[in-house]
Amino acid sequence: MPTDMNARELLRWSWRQLTSMRTALVLLLLLALAAIPGSVVPQEDVDALAVSRWKNAHPDLTPVYERLGLFSVYDSVWFSAIYILLMISLVGCILPRSAVYWRALRARPPRAPRNLSRLPEHASYTTGEGADDVLAAAARELQRRRYRVEVREGAVSAEKGYLREAGNLLFHLSVLVVLVGFAMGGLFGFKAGVIVTVGNGFSNNPTQYDEFVPGSMFAADDMDGFSVDVEDFDITWLTEGPAKGQARSFVSHLDWATADGDSGTYDLRVNHPLAIGDTEVFLIGHGYAPVVTIEDGNGDVAYSGPTIFLPTDATFESFGVIKAPDARPDQVALEGTFYPTFALGDGFPRSVFGDAVNPLMSLFVYRGDLGLDDGGSQSVYVLDKSQATQVMQDDGQPLRLDMRPGDSVELPDGLGTVTFEGIQRWNKLQISETPGKLVALAGVVLALLGLLGSLFIRPRRVWVRAREEDGATAVDLAALDRSSGGDPERGAAELAAIMDTLRAGSGDAGTSKENS
Amino acid sequence: MTDASWETLSNQAVAAAGVVYFLALMAHLVQWASLRKLPAEEVVTEGRTAMAGRLGVLLTGVAVLVHGLALVARGMAADPNRVPWGNMYEFTLSGTFVVALLYLLLLRRFDLEWMGPLVVALVLALMMLAVIWLYDPVAPLTEALYSPWLVIHVVSAVIATGAFTLGGICSVLYLLKERSTKDRGYLARVPGLTSLDRTSYRMHAFAFPVWTFAVLITGPIWAHQAWSSYWNWDPKEVWAFITWVVYAAYLHARATVGWKGRNAAYVALVGLATLWFNFIGINFFSTTSQHSYAAPASVEQRSSYDAGQVPLPVPPGPPASPSA
Ligand code: HEM
């Protein structure tokens with residue numbers, strides 16, 4: 001860095017450095033490098049569960065990683081710093097280039113260099129034809145080849161491929177458009193998830209969702225007003241072949257209605273989201289909800305209905321908790337596993353298939369304070385056992401209820417009766433609004449178009465000079481390929497073709513000397 | 001034909017293609033072994049040596065046909081019939097097919113005869129790797145994979161991968177040749193540095209827009225349909241992005257004075273490394289990728305909301321887009 005600069009010069013110098021091609025290159029490589037940790041360390045936005053597991057496993061590293069923003073790399077200060085610098089550099093690079101391009105667009109092709117034979121593509125010949133005729137013919141030929149042509153001072157200057165730079169500028173500007181579209185989604189959109197048992201529904205409202213992640217500038221008032229009911233759910237399973245046990249297809253039959261009175265039905269499948277207004281609904285999961293009734297010691301129904309069990313593996317072995325805080329004399333809770341196709345494998349109970357072929361539910365029983373009375377919130381999937389006691393059998397083993405649909409079991413100590421009424425299914429739906437997605441898409445498509453122009457349009461300049469000497473005319477041709485790919489063979493072929501046309505036109509074999 | 005016999009046919013065709021590639025490699029080795037004895041300037045257009053070279057190309061052509069047959073049969077073996085890229089085995093078969101095919105298609109236009117032994121050896125090695133370590137029996141795709149975007153996305157990603165790989169071969173040779181002072185042998189005979197640099201650039205210039213299309217257009221469109229979010233920073237996506245950025249850097253490098261040639265070649269090879277790491281490595285290093293290569297009914301946590309809950313099995317094993 002030069003040392004004797006005043007503040008203003010320093011500023012200009014820094015700006016020039018920032019907007020230089022070399023800086024762009026370094027920033028690009030830095031961006032690539034900076035993106036790596038996000039693929040190694042679990043990311044909050046991608047898999048929050050993995051993040052909490054990781055944090056539990058590495059208590060020492062966690063604070064360090066947290067400070068470095070390694071759990072959300074793509075929102076971190078340092079990642080943002082790199083791409084913001086890159087964008088500034090890009091604007092600083094593109095604006096001046098656009099101005100130059102604007103002038104170049106209207107400029108005339110540049111004058112012929114004094115010594116054409118110095119150029120990499122060069123050819124010459126002599127002819128009896130007059131210099132003016134040669135130049136006129138050359139101008140015609142080059143125009144035919146879509147060159148912009150200018151005749152002056154005994155030479156033809158021609159140029160083509162102006163669109164290459166336009167493509168380059170378009171590409172770089174489009175990168176900014178993509179970024180704007182991407183940011184719009186992050187700021188103004190939302191993502192929500194809800195688990196619905198088949199036969200039930202929800203409306204598009206944050207209070208109805210199990211999870212709701214709004215963008216930082218999201219306005220809940222602007223949410224599309226609609227409701228969706230899951231009427232029915234169909235699933236077919238593969239029962240043979242290497243993918244046996246896998247679901248072949250499933251579809252959720254929805255009824256939907258908007259606040260404006262529109263309504264309809266929709267078969268929701270993977271890859272086929274339902275779009276209502278700007279909001280889209282996706283089917284992302286499914287599982288079982290055993291229907292259980294708990295009658296308490298007083299003979300009152302303390303709990304009755306489907307309870308969502310969450311699958312723990314591909315066989316849909318599912319885990320869940322059923323709580324009856326209203327049961328008297330004691331509160332009652334059940335915790336355990338639902339096996340859609342129960343079998344004993346190696347002496348252990350397990351599910352061998354995802355479909356409910358041989359359903360069985362195996363539950364442990366708890367009594368006492370379930371921790372729900374103080375009004376604090378508690379996950380419906382977790383049982384607070386701190387003040388509850390497990391119900392035991394006479395032999396001291398934990399009491400386990402193994403039930404099939406239709407079974408009813410009386411609990412000991414007058415706690416009541418548990419009845420396994422049947423099985424319902426649930427669907428997990430994701431609801432999201434992603435504004436700016438079309439902006440981003442348009443941005444990449446434009447970028448691609450620009451890129452094609454930038455990479456494949458070959459800007460070329462051709463000059464033809466004719467000088468009359470000693471009764472003959474010496475013709476010099478030269479060309480300059482300004483594309484980064486260069487293609488000497490094609491360039492040479494073009495120059496040779498131009499020369500052939502000129503000579504054929506003059507009907508004169510003359511003497512020639514070619515080199516390229 | 002039954003699905004089972006299609007599958008058998010596919011396996012046999014893979015084996016046959018392997019044998020023919022091997023013979024092609026032998027032919028090229030014979031050719032280059034005798035070329036070693038001659039000064040590099042001497043061009044050989046007839047006699048046994050030239051014959052061996054032509055035979056190598058011819059055998060490569062035959063192998064590519066059989067290789068293509070193996071892919072078609074693989075698709076026919078599935079019920080319902082489908083495109084042959086449901087898992088890493090199939091993707092490797094497709095990728096190597098494209099590398100070999102592109103080489104043959106570009107052979108004349110770019111004077112790639114010298115590349116024959118390298119391409120054939122690479123394809124053969126990758127095929128063997130696929131057969132030994134990656135083989136999976138034919139299985140139907142999970143439902144999420146039945147999307148036209150799968151076809152478009154993967155085809156473009158595979159084509160780009162093939163072209164990047166050919167470009168990478170040129171860059172490796174550039175770096176080797178730059179250091180070599182020998183006046184005979186293989187390195188002396190491959191095209192000059194300028195020409196290698198240019199051929200490499202052309203491969204990359206072709207592959208880069210295709211990759212852009214695959215990774216930044218069709219990938220997000222499909223991801224949006226299947227996963228509700230067009231860009232998730234999933235490890236596979238992160239690495240596809242890294243690859244893209246590195247190749248953008250390569251194109252810049254070539255336009256930057258002082259970076260053309262050697263440094264550009266290094267950047268290109270970094271790009272190639274990220275590309276192949278993304279294809280193979282990520283599947284072993286990352287457990288969170290949604291690009292599961294259609295592991296049957298894989299159990300994965302996909303939404304960010306279920307912290308503290310038990311992971312949900314995703315409905316259909318998510319779109320295992322094998323590429324980016
Ligand atoms: C997100 C950031 C960027 C990306 C992805 C990107 C990508 C590209 C690509 C793919 C090309 C190749 C087109 C060609 O060879 O003609 C290119 C060319 C170019 N880029 Fe960028 N670029 C970025 C940022 C920048 C910045 C910050 C600058 C200015 C400092 C810049 C200046 C240029 C110039 C001048 C060319 C044309 C090179 C030539 O004349 O061949 N780019 N860019």
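Modeller: Let us begin with a loop residue: B:D111 sits in the loop between α3 (88–106) and α4 (116–134) of chain B. Helices (H or I, at least four residues) and strands (E, at least two) are DSSP runs, numbered from the N terminus. The model is a predicted one, in which local features need pLDDT of at least 70 and side-chain atom pairs count only at pLDDT 80 or more, while totals for chains, interfaces and linings use all residues. Residues are numbered from 1 along each chain as its sequence is written, chains are lettered from A and ligands numbered from 1 in the order in which they are written, and side-chain values use heavy atoms, with hydrogens and water left out.

Colleague: What is the phi of B:D111, and is B:D111 buried or exposed?

Modeller: Burial is read from relative accessible area: buried means under 20%, exposed over 50%, and partly exposed in between (1.4 Å probe, protein chains only). B:D111 counts as exposed, at 52% relative accessibility. Its phi is positive, about 50°, although B:D111 is not a glycine.

Colleague: Which residue of chain A has a positive phi although it is not a glycine?

Modeller: A:E153, with a phi of about 50°. A:E153 belongs to the loop between β2 (148–152) and β3 (155–160) of chain A, and its relative accessible area of 65% makes it exposed. A further backbone feature concerns the peptide bond from A:R328 to A:P329, which is cis, with omega near 5°. A:P329 is in the loop between β14 (318–324) and β15 of chain A.

Colleague: How many helices and strands are there in chain B?

Modeller: Chain B has nine helices and zero strands. Of its 324 residues, 65% count as buried. Contact means heavy atoms within 4.5 Å. Among the contacts in chain B between residues at least 6 apart in sequence, 78% join residues at least 24 apart. A pair separated along the chain is B:V172 and B:R262: they are 90 residues apart, with 9.8 Å between their C-alpha atoms. B:V172 lies in helix α5 (residues 148–179) of chain B and is partly exposed, at 37% relative accessibility.

Colleague: How are two packed helices to be described?

Modeller: Two packed helices are described by the angle between their axes and the distance between the axes. Axes are lines fitted to C-alpha atoms, for helices over the stretch in contact, and angles run from 0 to 180 degrees between N-to-C directions. Here α6(A) and α8(A) pack at an angle of about 150°, with 10 Å between their axes. Their crossing is left-handed, a term used if the near helix is turned anticlockwise from the far one by less than a right angle. The residues of this contact divide into 13 nonpolar, three polar and two charged. In that division, Ala, Val, Leu, Ile, Met, Phe, Trp, Tyr, Cys and Pro count as nonpolar, Asp, Glu, Lys and Arg as charged, and the others, Gly among them, as polar. Among the residues that meet are A:R97 in α6(A) and A:H172 in α8(A).

Colleague: Where does the ligand lie, and how many residues surround the ligand?

Modeller: A residue is near a molecule if one of its heavy atoms lies within 4 Å of it. The ligand lies between chains A and B, with 25 residues around it, the closest being A:C93, A:R97, A:H172, A:S454 and B:H252. The shell consists of 16 nonpolar, seven polar and two charged residues. The element that gives the most to this shell is α6(A), with six residues.

Colleague: Is A:T127 buried or exposed?

Modeller: A:T127, in strand β1 (residues 121–127) of chain A, is buried, with a relative accessible area of 4%. Its side chain reaches the backbone nitrogen of A:E129 at 3.1 Å.

Conventions: A polar contact is a pair of N or O atoms within 3.5 Å; within protein, one must be able to donate a hydrogen and the other to accept it, and residues adjacent in sequence count only if both atoms are side-chain atoms.
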